[in-house]
Amino acid sequence: MTRITGRRRRLLVSGGLTVAFLLITGLLVLTKVIRITPLFAGRYPVHGVDVSHYQGEIDWEVLSGQDIRFAYIKATEGSRYVDQQFSRNWDQAGQTELLTGAYHFFSFDSSAQTQAELYIRTVGDLSGKLAPVVDVEYYGDKRAHPPDKDAVVAELTGLLQLLEAHYQIRPVIYTTYPFYDRYIAGSFDDYPLWIRNVYYPPDLDGKHPWVFWQYTDTAVLDGYQGDERYIDMDVFCGTEEELGTFLVP
């Protein structure tokens, strides 16, 4: 029988403890007990938030004073739904020094035409505001039963083109990793990308540089008292001057 020396035993124990530590740390990161993304997000100078009716009535003077420079506000979803807080948020956020923009939640069950019409009718003029954002991600049972790729690409392309033609600026695509891998990669490489990853910094193998990164969905700030105690926080990959290139002419 092979004898294990004291040194080898110590190495085995040390290696086992290291593996256990890494596994436990990884689990804590995945369950959001430990949040490492704010540490990485700190290297980017331009921070912002994205909000909807879940944050309730927002005191924009208070919220805007917490080291953020931009805010994206949910406007519409599909071809019929208008966020119940959009009008109030849009008016009051516009009275602050924040750069503001409006986003649309894409529906697999509505046409590009009707979705574009709802967004344009609801948001109106965007001169001096940030470029439109289209949020495309799974909802309901769509992850378990993914819609046809060709159909999704066709409708999303139509929506983006309609918004670009109206506002004379290329819209931004907000998405998640699973949705990006199935639908976005290779089909929308010319569009600015806003990626959600609340576990670690974005890595798309250099194929599609990201512009915005939603790095946490569990931030807590002052200035809102909705049903949701948390708020999404984001960074822009660049300077504040470079963010200005995303303003609608």
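Student: Which elements make the right-handed β-α-β unit here?

Tutor: Remember that we're looking at a predicted model. In it, β4, α5 and β5 make up that right-handed unit.

Student: Okay, start with β4. Is that strand buried or exposed?

Tutor: Look at each residue's relative accessible area: under 20% counts as buried. Seven of the seven residues of β4 are buried, so the strand is largely enclosed by the rest of the structure. Both of its faces are covered. Leu-99, Gly-101, Tyr-103 and Phe-105 sit on one side, with Thr-100, Ala-102 and His-104 on the other.

Student: Which way do β2 and β4 run, and how many bridges join them?

Tutor: They run parallel, joined by seven bridges. For one example, find Leu-99 in β4: Phe-70 stands opposite. β4 also runs parallel to β5 (residues 133-136), this time with three bridges. Over there, Phe-105 has Asp-135 as its bridge partner.

Student: Now the helix. Why would residues three or four places apart point the same way?

Tutor: An α-helix has 3.6 residues a turn, so residues with that spacing end up pointing the same way. Now try α5, which covers residues 112-123. Its buried residues are Ala-112, Gln-115, Ala-116, Leu-118, Tyr-119 and Val-123. They cover an arc of only 160° around the axis, which puts them on the same side of α5.

Student: What do those buried residues pack against?

Tutor: Quite a list: β2 (70-77), β3 (81-82), α4 (86-93), β4 (99-105) and α6 (149-167).

Student: How far does α5 reach, and what follows it?

Tutor: From first C-alpha to last, its 12 residues reach 16 Å, close to the 16 Å expected at 1.5 Å a residue. Next comes Gly-124, with a positive phi near 70°.

Student: What about loops? Where does Thr-96 lie?

Tutor: In the loop between α4 and β4. Thr-96 is buried, at 12% relative accessible area. Check what its side chain reaches: a polar atom there lies 2.7 Å from the backbone oxygen of Ala-93, and the side chain reaches the backbone nitrogen of Leu-98 at 3.2 Å. Leaving out residues up to four places away in sequence, Thr-96 touches Trp-60, Glu-61 and Ser-64.

Key: Residues numbered from 1 in each chain as written. Predicted model: local features only at pLDDT ≥ 70, side-chain atom pairs only at ≥ 80, totals over all residues. Heavy atoms only, no water. Helix = DSSP H or I, 4+ residues; strand = E, 2+ residues; numbered from the N terminus. Expected span 1.5 Å × (residues − 1). Buried < 20%, exposed > 50% of the residue type's maximum accessible area, 1.4 Å probe, protein only. Arc of directions from axis to C-beta. Contact = heavy atoms within 4.5 Å. Polar contact = N/O pair within 3.5 Å; in protein donor to acceptor, adjacent residues only side chain to side chain. Pairing = 2+ DSSP bridges. Right-handed = clockwise from strand over helix to strand, strands pointing away.
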